[in-house]
Amino acid sequence: MSRIELDRVVVRAATPGGPAPEVTVLRETTLDLTEQRIALIGPNGSGKSTLARLVNGLVEPTSGRVSVDGLDVARKGREVRRRVGFVFTDPSAQLVMPTVVEDVALSLRHQVRGREERTLAARAVLASYGLDELADRSVHTLSGGQRQLLALAGVLATEPAILVADEPTTLLDLRNARMIGDLLLGLPQQLVLATHDLDLALRCDRALLVDDGAVVADGAPGEVVDHYRASAG
Ligand SMILES: Nc1ncnc2c1ncn2[C@@H]1O[C@H](COP(=O)(O)OP(=O)(O)OP(=O)(O)O)[C@@H](O)[C@H]1O
């Protein structure tokens with residue numbers, strides 16, 4: 001398994017429209033994440049996305065250090081991003097090419113040299129996710145569930161050691177949420193999953209409850225979810 005470490009990390013952001021006061025988005029946090037499946041749960045605006053985004057450098061710490069398998073995310077961003085795949089809530093954020101097959105081919109640019117070889121490899125990836133019939137469609141014509149599956153297929157095709165998923169099932173109906181959730185939890189790699197779906201969190205190996213920019217509970221998902229339910233009243 002991989003190892004994600006946060007050493008006294010603080011994230012502050014400027015308030016719009018001027019100089020200080022800044023807001024503290026994440027209070028000083030130290031974590032050592034080595035479990036396979038780690039859930040980030042907590043209320044809206046608590047800091048889950050911020051925590052998730054620190055892992056691949058989408059958010060930079062104001063102070064402190066984040067490292068992935070010993071690589072400093074701030075200094076070795078490119079290497080870290082090759083190791084850490086990221087799936088967004090809205091897959092449209094990461095589907096950028098005109099057709100489905102071109103999108104997966106773009107993901108494979110570091111893996112497979114040569115345009116034709118890349119297209120063949122992309123078709124094979126699509127087939128392995130049951131998406132082969134959609135290969136030549138525009139990504140805009142896909143359903144939400146198909147789009148999220150495609151986004152995930154594109155990221156997994158790059159064989160990341162860690163997958164960070166920020167509320168990947170929030171926009172999906174029950175059937176697709178279940179399909180994507182099962183897929184994520186069945187992956188062999190390390191998974192960091194920010195989610196409001198407590199059933200998914202309960203199936204992880206460790207859960208962190210984030211509230212008001214701080215990790216307020218950390219441990220076995222059953223206990224952490226109980227804590228969250230009790231604190232939500
Ligand atoms: N760049 C920024 N500038 C100002 N405020 C920010 C910035 N980034 C995050 N915040 C604030 O920090 C808080 C935490 O945001 P974050 O997106 O991490 O929460 P979250 O737990 O993922 O929420 P949700 O469940 O609603 O997605 C929010 O109040 C948000 O508005």
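**Close-up 1. T30 in strand β2 of the predicted model**. Start here with T30, which has its place in strand β2. Counting around T30 gives 12 other C-beta atoms within 10 Å, so this residue is exposed. Leaving aside residues up to four places away in sequence, T30 touches L6, D7 and R8.

**Close-up 2. The shell around the ligand**. The residues around the ligand are A13, V23, V25, G42, N44, G45, S46, G47, K48, S49 and T50. Helix α1 gives the most, with 3 residues. Sorted by class, the shell has 3 nonpolar, 7 polar and 1 charged residues.

**Close-up 3. The buried side of helix α8**. Helix α8 runs through residues 221-231, and its buried residues are P221, V224, V225 and Y228. These four cover an arc of only 100° around the axis, and therefore lie on the same side of α8. The partners that the buried residues of α8 pack against are β3 (37-41), α7 (198-202), β9 (206-211) and β10 (214-219).

**Close-up 4. The other face of α8**. Now look at the face of α8 turned away from its buried side. There you will find the exposed residues G222, D226 and A230.

Notes. Residues are numbered from 1 along each chain as its sequence is written. This is a predicted model: local features need pLDDT of at least 70, side-chain atom pairs count only at pLDDT 80 or more; totals for chains, interfaces and linings use all residues. A residue is buried if 20 or more other C-beta atoms lie within 10 Å of its own, exposed if 12 or fewer, and partly exposed in between; C-beta atoms are placed from the backbone. Helices (H or I, at least four residues) and strands (E, at least two) are DSSP runs, numbered from the N terminus. The arc is that of the directions from the helix axis to the C-beta atoms. Two residues are in contact if their C-beta atoms, placed from the backbone, lie within 7 Å. A residue is near a molecule or strand if its C-beta atom, placed from the backbone, lies within 6 Å of it. Ala, Val, Leu, Ile, Met, Phe, Trp, Tyr, Cys and Pro count as nonpolar, Asp, Glu, Lys and Arg as charged, and the others, Gly among them, as polar.
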